There are 2 protein chains.
Amino acid sequence: MTKPQVALGMEQWCWPPAFDEGRLPSPDQPYWFPRRETMDPQQRNEAVLQRIREVMGYAYERAPFYRDKWMPASQEACPPFGDYLCVGPEEVARLHGTSGTTGRPTAFAISRQDWRSIAEAQARVMWGMGVRPGDTVFIGAVFSLYMGSWGALAGAERLCTTAFPFGAGVAGQTARAVNWLAQMRPDAFYGTPSYALRISEVAQEMGTDPRDFGLRIMFFSGEPGASIPAVRRQIELAYGAEVFDCGSMAEMTPWMNLGETSGHGGMLCWQDIIYTEVVDPTTHRLVPFGGEGTPVYTHLERTSQPMIRLLSGDLTSWESGPSACGRTYPVLPRGIYGRIDDMFIVRGENIYPSAIDEVVASLAAYGGEHRIIISRTDAMDALAVQVEYGRAVAGDEQAIAAFGATAEKALQTVLGVRAKVVPVPPRTFERTDFKARRVIDERDLFRSLVDVT
Amino acid sequence: MTKPQVALGMEQWCWPPAFDEGRLPSPDQPYWFPRRETMDPQQRNEAVLQRIREVMGYAYERAPFYRDKWMPASQEACPPFGDYLCVGPEEVARLHGTSGTTGRPTAFAISRQDWRSIAEAQARVMWGMGVRPGDTVFIGAVFSLYMGSWGALAGAERLCTTAFPFGAGVAGQTARAVNWLAQMRPDAFYGTPSYALRISEVAQEMGTDPRDFGLRIMFFSGEPGASIPAVRRQIELAYGAEVFDCGSMAEMTPWMNLGETSGHGGMLCWQDIIYTEVVDPTTHRLVPFGGEGTPVYTHLERTSQPMIRLLSGDLTSWESGPSACGRTYPVLPRGIYGRIDDMFIVRGENIYPSAIDEVVASLAAYGGEHRIIISRTDAMDALAVQVEYGRAVAGDEQAIAAFGATAEKALQTVLGVRAKVVPVPPRTFERTDFKARRVIDERDLFRSLVDVT
């Protein structure tokens, strides 16, 4: 089939194309393919002509488009990685890093073999969610330093799905996401819960029902939302899809080492990928199953920057498993529900923002966003929650007041302290393409004023 | 080394990890690794313990960080693809698409094998620029529908470089780009010329000299800039790096089929990757070497959506080659310098925006941006160019007036018609993370007013 070209000595020249992906010219070699690049152009043109015939024959054979169009054929149409790097710099395939804006950011260096192992692990967990070869996976999260999107992509590729790396974060992109989801009808979606809810709002404003996207599976990381029952229910109702939570930390990529399966009931600790221990945040001693603590992670498959007993600072509780899917891993029934340093204390009660998220998101008339404001007057802490009411009650002052009263009562029950609820109109607060930030602690301001005076 | 785990029947469990990347469970199989996922947890813990020892030994052996830290070890730390798809949908590895906001966008479906071929081709052209295994390649372009960033990444991976897929387009990202470039000192940069100039401006505002990034190679696509001599010179001066232009069209990915080499002198048509013909825009007949026309492309390595004689609508002129690097491909000495439909006519003269870009960018006191305004008064076309002057002349009215006069004279010479130049202060115009849009044609408005009345 490719005899004439072989006779010309053209390297790896055949149809359909096939390459030795391991091959590299030596560094002092100026040409990738010396023969193909420096040969007599007339000879090459002859080979190219034959190739064009092969391509045309191939296209004609397989594509109705070309059978219709034939002819005319013209168409419109040390530094820098730190000393915990365990491989040579030349083995580093990918650079990512923390996305903080203050201080020197941390760089993650991932070797070629590690990247393959990461893909293997992510694919494996996605398989557990029911993602299958041939599915289309829409990735609606920013591709930059953030590891979430890249890890989902690596898994989607290894799983032989069709990856649709759409991204997020660019002006105007959410409306385009709605159009593409409606046009391509992917099988699975990955992003943050906040962004899924934003897409759903924008779709509805555009007159599109997100259920018409036909999504079967939606998997999330980056923030606790997908393990907060009321938030999960919101997403399930909006899209009519099955929701999965997953994710540990960027440093621990393959971050899907915590990952929910079709058995649901919580995220599993996939212990043969990364070993997870839940420990007491103060003593760092192992917490028995049934207890609450912070996860500590150990890489089992990383050769470039293996993390050994990395203390996460996140908060979870764990059970022994097995899960309903039959896997015998430990289970985090409520997922990761906060960070230790997210916790604030109001009049002696420990409060996690996710507890407030859960309460307000479960209210029928909830409008989709809220803000938590902690202040201090006369040395007394005060907690206020500004909650958007939904369009259904907009204009009905009695219903709005009832919404506020219901929210206050529910918060008092769950938190153990009074929270003043201020109902505000729908779309009062900015939506995010990434992770929600809802807590405003005005006591810090108060403290700094005290310090100054 | 891995005997105990093998005895436990744990699939592909060894250290360092190695996987059969071709393996897939059958679709009805609920587990990726049935044994590892459903085995007795105690047995698995034993295997995991041994693995942890291997990992710890490995890390201890290789990483000073761990030798220092040891112990305690805890740390902080059809639709949809159209009928020109030539493979089954299950073979599609990647979905991308046009980024237009009006009308139904076009989806690109790229097969697994094609993606590998694309990577091979892009790597090969990057090799021709002097990129080598072990180099770090910073990709400063948005990762979304736009193919440029993805193609650069695929090539960087195949070439066994360290890929740093930083992205662009998100608020606040340019300042972070400056910090990361200064911190990681990559060897090569990919993006649009407009964005490289923007990064350089932001760096200078932050007190950082872009020359300190230590970039050796900068390669560009997405707009004509890198082939406009004055723009190229601006970039070279700002960064002290060697500049390369490349790129045809997203549809033609591997879009580096037009790509400059270390021989410079223009972009080469890498004819054994994609076959390029330059044709007359009207008759579509081949233009002889030395002539001007529009490129027509034919894929030689695509099995999923091969394009056969795709008319680009771009504008170029070509020569026979060989180039100074010894490759015997045709050469586009001035690159792609516009699109046919970018051309506008003012008082009978055909004008391409890139000609104006070239003139103003070559002025010593140019401030970095400009806008081209075409208007009509009394049925007479008028051309005005608002040009930023640089900080060096700011406040010096005489120098600013001289700058305007020089610009007017240079434009008149090159364009053959008078253009009124309006000098404006530095940073008057918005910068872009993507492609520059500088032409404002007010005659359209005039026309529509005429239509209405």
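Which residue in strand 12 of chain A is the bridge partner of Thr276(A)? The partner is Tyr297(A). The structure is a predicted model, and the predictor gives the complex an ipTM of 0.82 and a pTM of 0.83. Chain A and chain B bury about 10,700 Å² between them. The points below cover confidence, the interface, the nonpolar cores, selected strands and some backbone details.

**Confidence**

- The average pLDDT of chain A is 87, and 90% of the residues score at least 70.

**Interface between the chains**

- Chain A contributes 128 residues to the contact, and chain B contributes 128 residues.
- Carbon and sulfur atoms account for 59% of the area of about 10,700 Å² that the two chains bury between them.
- On the chain B side, Trp32(B), Trp127(B) and Ile308(B) lose the most area to chain A, and together they make up 7% of what that side buries.

**Nonpolar cores**

- In soluble globular proteins, nonpolar side chains tend to be buried together.
- The largest nonpolar core here has 116 residues, of which Trp150(A), Phe219(A), Trp150(B) and Phe219(B) touch the most other members.
- Leaving aside residues up to four places away in sequence, Phe219(A) touches a set of residues that includes Met126(A), Met129(A), Val137(A), Phe189(A), Tyr190(A), Phe244(A), Cys246(A) and Met256(A).
- A second, separate core has 57 residues, among them Trp180(B), Phe213(B), Phe344(B) and Ala407(B).

**Buried strands of chain A**

- Strand 3 (residues 107-111) of chain A has five of its five residues buried, so it is largely enclosed by the rest of the structure.
- Ala107(A), Ala109(A) and Ser111(A) point one way from strand 3 of chain A, while Phe108(A) and Ile110(A) point the other way; all are buried.
- Strand 2 (residues 92-97) of chain A runs antiparallel to strand 3 of chain A and is joined to it by five bridges.
- Across this pairing, His96(A) stands opposite Phe108(A) in strand 3 of chain A.
- Strand 11 (residues 274-279) of chain A is mostly covered, with six of its six residues buried.
- From strand 11 of chain A, Ile274(A), Thr276(A) and Val278(A) point one way and Tyr275(A), Glu277(A) and Val279(A) the other way, and all are buried.
- Six bridges link strand 11 of chain A with strand 12 (residues 292-299) of chain A in the antiparallel sense.

**A four-stranded sheet in chain B**

- Four strands of chain B form an open sheet with mixed pairing, in the order 21-20-19-22.
- Strand 21 (420-424) and strand 22 (439-441) of chain B are at the edges with a single partner strand each, so one side of each has no neighbour in the sheet.
- From one strand to the next, the twist averages 20°.
- Strand 19 (residues 366-377) of chain B pairs with strand 22 of chain B over three bridges in the parallel sense.
- Opposite Ile374(B) stands Asp441(B) in strand 22 of chain B.
- Helix 10 (residues 353-361) of chain B packs on the sheet and touches strand 19, strand 20 (380-389) and strand 22 of chain B.
- The direction of helix 10 of chain B makes about 135° with that of strand 19 of chain B.

**Backbone and loops**

- The peptide bond from Thr253(A) to Pro254(A) is cis, with omega near 10°; Pro254(A) is in the loop between strand 8 (242-245) and strand 9 (258-260) of chain A.
- The bond from Gly321(A) to Pro322(A) is cis, with omega near -5°; Pro322(A) is in the loop between strand 14 (314-317) and strand 15 (331-332) of chain A.
- Arg185(B), a residue other than glycine, has a positive phi near 45°; Arg185(B) lies in the loop between helix 7 (173-184) and strand 6 (188-191) of chain B.
- The relative accessible area of Arg185(B) is 48%, so Arg185(B) is partly exposed.
- Arg347(B) has a positive phi near 50° and is partly exposed, with a relative accessible area of 35%.

Methods:
Residues numbered from 1 in each chain as written. Chains lettered and ligands numbered in written order. Predicted model: local features only at pLDDT ≥ 70, side-chain atom pairs only at ≥ 80, totals over all residues. Heavy atoms only, no water. Pairing = 2+ DSSP bridges. Helix = DSSP H or I, 4+ residues; strand = E, 2+ residues; numbered from the N terminus. Axes fitted to C-alpha atoms, helices over the stretch in contact; angles between N-to-C directions. Contact = heavy atoms within 4.5 Å. Buried < 20%, exposed > 50% of the residue type's maximum accessible area, 1.4 Å probe, protein only. pLDDT = per-residue confidence, 0-100. Core = buried A, V, L, I, M, F, W, Y, C linked by side-chain atoms within 4.5 Å. Buried area = accessible area lost by both parts, 1.4 Å probe.
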